[in-house]
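The sequence and the structure come first.

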Amino acid sequence: MEITLGPLQYFWEKEQVLAFYKDVCEWPVGRVYLGETVCSKRRQLKLDDWLGIAEQLQAAGKTVVLSTLALLESASDLAMLRRICDNGRFTVEANDMAAVHRLSELGRPFTTGPLFNIYNALTLKELIDCGLERWTLPLELSGNDLSAILGQADELGLTGRFTTEVFVWGMMPLAVSARCFTARAHNLPKDQCQFVCKDYPDGLAVHNQEGERVFTLNGIQTQSGRCLNLLGDVSGIQKRGAQAVRVSPQAEGTHEVILALKGKPGEGTDSEWVRGNNTCQGYWHGTAGMVPMADITP
Amino acid sequence: MELVCPAGSLPALKAAVDNGADAVYIGFRDDTNARHFAGLNFNDNKARKALDYASNKGVKVLVAINTYPRPGGWSRWTSAADLAIDLGAHAVIAADPGVLGYVRDKHADIRLHLSVQASSTNLGSLSFYKERFGVSRAVLPRVLSLSQVQALAKNSPVELEVFAFGSLCIMAEGRCWLSSYLTSESPNTVGACSPAKYVRWEESESSMNTRLNGVLIDRFAPDERAGYPTLCKGRYEVNGKLQHALEEPTSLNTIALIPQLEQAGIRAVKIEGRQRSPAYTAEVTRVWREALNTYKANPNGFAPRDEWQSTLAGLSEGCQTTLGAYHRAWQ
């Protein structure tokens with residue numbers, strides 16, 4: 001089973017980002033997604049900076065994929081997308097149809113991320129015709145849904161033409177908006193946000209009035225309140241036909257989780273990030289996403 | 001601009017038609033559309049009556065088949081598309097590429113409108129849907145500012161329809177899974193956000209608690225009007241401060257933007273609310289018809305009338321309205 005590292009969802013200091021990916025060079029991951037996927041205002045790393053990181057990772061033997069914005073609203077967003085799609089060296093993860101449009105024009109194969117709505121194999125077929133070679137199961141779909149989609153893909157003669165990836169660990173990106181909720185929490189308008197999201201390397205917690213963590217704010221993105229943790233389901237994920245599992249970078253725990261996935265006991269398996277309080281498994285098991293394994297009746 | 005109005009029932013459709021809608025959009029009685037609520041929507045027979053009534057008065061009927069089918073339910077979506085074609089509907093409103101491809105391959109004499117659930121917000125995406133599926137019109141998500149809408153309209157390869165009035169979805173539609181995170185059901189999969197069957201109202205002497213699948217969404221004092229627990233409109237604690245962390249209970253109202261939208265070349269304005277009563281449909285349609293006619297009669301002298309605004313505010317969530325994302329400061 002291939003282990004992949006998803007794009008960094010948060011806005012970290014540039015030095016922190018560079019140091020993080022320097023470490024990743026040594027980690028047992030085969031494939032790394034790079035780039036800003038959340039907010040077009042986060043520009044402290046230029047495309048050339050990302051390409052520099054990409055080269056380091058490639059030199060360390062990783063497959064590098066450039067990821068792209070999920071919500072493109074302006075001509076400048078599209079221009080940046082075009083530069084990424086046209087880079088000519090690394091494949092691209094599409095998180096919006098605009099990327100599919102450009103990549104299919106260029107005849108370049110692509111991957112789709114977890115925010116990309118693929119709910120059936122007829123959709124997969126349309127996208128394979130445009131160059132899709134790998135997709136990530138949408139977060140809200142279950143193991144049974146995955147089996148059904150792959151079964152339908154088989155009936156359509158698509159087997160062997162694509163790779164399936166499943167998001168297994170990290171805060172789940174569950175919504176995108178025009179509004180910046182982190183700025184709103186600070187009573188700042190988006191246009192004068194002062195990049196307050198930088199103060200929250202793992203996002204800003206949202207609790208309800210009973211103290212239950214319900215969501216996490218990350219700029220214009222709203223994430224799950226609980227961390228997804230499907231480490232106990234990896235063999236099931238593989239049995240259902242997925243070839244890769246995706247870990248999403250968090251400020252803490254990411255390395256331990258990857259080591260645990262790699263099956264290096266003692267190095268990661270015992271850490272609290274792997275066992276995880278306040279984690280959830282509901283979506284994969286066909287129920288509400290927030291539900292923890294303990295509350296799921298087999 | 002065309003006035004596109006919602007109908008969740010035959011009486012609502014008649015109300016829309018009688019009050020000046022240019023087009024009415026409906027859905028069938030299952031999870032193939034994004035307002036899949038108990039007691040709402042049209043079976044075969046009612047849909048035929050709806051088509052007859054509307055076409056006799058020269059009003060178009062659009063059929064929303066705009067959720068995302070999983071393989072087990074695929075045939076329901078194709079049956080819905082077949083029925084829409086058979087009824088002679090003016091257009092199918094769809095979001096799922098599989099469904100769009102199905103309608104394209106039928107080569108039927110029916111237009112394809114890209115649903116807001118496809119979350120298409122830019123030229124690249126709009127071009128894709130036009131080139132791949134032959135989409136004629138796209139409904140824009142409620143995430144763009146007015147200047148972004150204007151810029152898009154300048155070069156759009158398809159007709160654009162924008163939201164004019166109704167409940168305000170603050171996320172890019174089709175890309176919000178918060179509802180299934182809390183309840184297992186989302187607009188994409190079952191056609192409902194914060195579904196009623198998961199709602200619990202808990203009244204005590206000191207407060208009214210509203211819950212969604214057990215999770216507290218809001219708590220109201222006895223003198224407050226308790227709103228439906230739509231998950232993005234609850235009061236939560238962020239950095240120790242209790243607030244509407246995502247959005248207040250409010251409705252979108254863009255009647256003041258009619259001149260700008262018209263001048264930008266927007267082809268249609270959409271009223272939200274298939275889940276609302278025929279009286280709501282009648283009132284909103286009447287006000288918007290009057291407003292559009294008033295603009296047409298005297299484009300330079302257009303100003304929203306107080307009577308329109310107060311009528312619309314009265315039909316709004318929390319009795320307040322906003323320009324939403326159209327107004328940059330809202331973002």
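Two strands are said to pair if DSSP finds at least two bridges between them. The model discussed here is predicted.

**Strand pairing within chain A**

By that criterion, S1(A) and strand S2 (residues 31-34) of chain A pair in the parallel sense, over 2 bridges. S1(A) also pairs with strand S11 (residues 244-247) of chain A, again in the parallel sense, over 4 bridges. A:Thr4 has a bridge partner in each of these strands: A:Arg31 in S2(A) and A:Arg246 in S11(A).

| Strand pair | Sense | Bridges |
|---|---|---|
| S1(A) and S2(A) | parallel | 2 bridges |
| S1(A) and S11(A) | parallel | 4 bridges |
| S7(A) and S8(B) | antiparallel | 2 bridges |
| S9(B) and S10(B) | antiparallel | 5 bridges |

**A sheet in chain B**

In chain B, 3 strands form an open sheet with antiparallel pairing, in the order S9-S10-S11. Strand S9 (199-203) and S11 of chain B are the edge strands; each has a single partner strand, so one side of each is left without a neighbour in the sheet. On average, neighbouring strands of this sheet are turned by 20° against each other, direction ignored. S9(B) is joined to strand S10 (residues 208-212) of chain B by 5 bridges. Opposite B:Trp201 stands B:Thr210, in S10(B).

**The interface of chain A and chain B**

Chain B gives 66 residues to the contact and chain A gives 63 residues. About 5,500 Å² is buried between the two chains, and carbon and sulfur atoms give 55% of this area. On the side of chain B, the residues that lose the most area to chain A are B:Arg175, B:Trp177 and B:Tyr181, which together make up 17% of what that side buries.

The rule finds 48 residue pairs in polar contact across the interface, both residues being at pLDDT 80 or more. Several elements of chain B give two or more residues to the side that touches chain A, including helix H4 (97-106), helix H5 (123-133), strand S8 (171-176) and helix H7 (178-183). The largest share, 9 residues, comes from H5(B). Sorted by class, that side of chain B has 29 nonpolar, 22 polar and 15 charged residues.

Strand pairing also crosses between the chains: strand S7 (residues 163-177) of chain A and S8(B) pair in the antiparallel sense over 2 bridges. Here A:Ala175 has B:Cys176 in S8(B) as its bridge partner.

**Salt bridges**

Side chains of opposite charge can pair when their charged atoms come close. Over all chains, a search of the whole structure finds 46 salt bridges, and across the interface of chain B and chain A the rule finds 10 salt bridges. B:Arg211 and A:Glu210 meet through their side chains in a salt bridge of 2.6 Å, N to O.

Which residue forms a salt bridge with A:Lys198? The partner is A:Glu13, with the closest N and O atoms 3.7 Å apart. A:Lys198 lies in the loop between helix H7 (181-185) and strand S8 (204-207) of chain A, and A:Glu13 in the loop between strand S1 (2-5) and helix H1 (14-24) of chain A, so the pair ties together parts that are 185 residues apart in sequence.

Definitions and conventions: Residues numbered from 1 in each chain as written. Chains lettered and ligands numbered in written order. Predicted model: local features only at pLDDT ≥ 70, side-chain atom pairs only at ≥ 80, totals over all residues. Heavy atoms only, no water. Contact = heavy atoms within 4.5 Å. Buried area = accessible area lost by both parts, 1.4 Å probe. Salt bridge = Lys/Arg side-chain N within 4 Å of Asp/Glu carboxyl O. Polar contact = N/O pair within 3.5 Å; in protein donor to acceptor, adjacent residues only side chain to side chain. Nonpolar A, V, L, I, M, F, W, Y, C, P; charged D, E, K, R; others polar. Axes fitted to C-alpha atoms, helices over the stretch in contact; angles between N-to-C directions.
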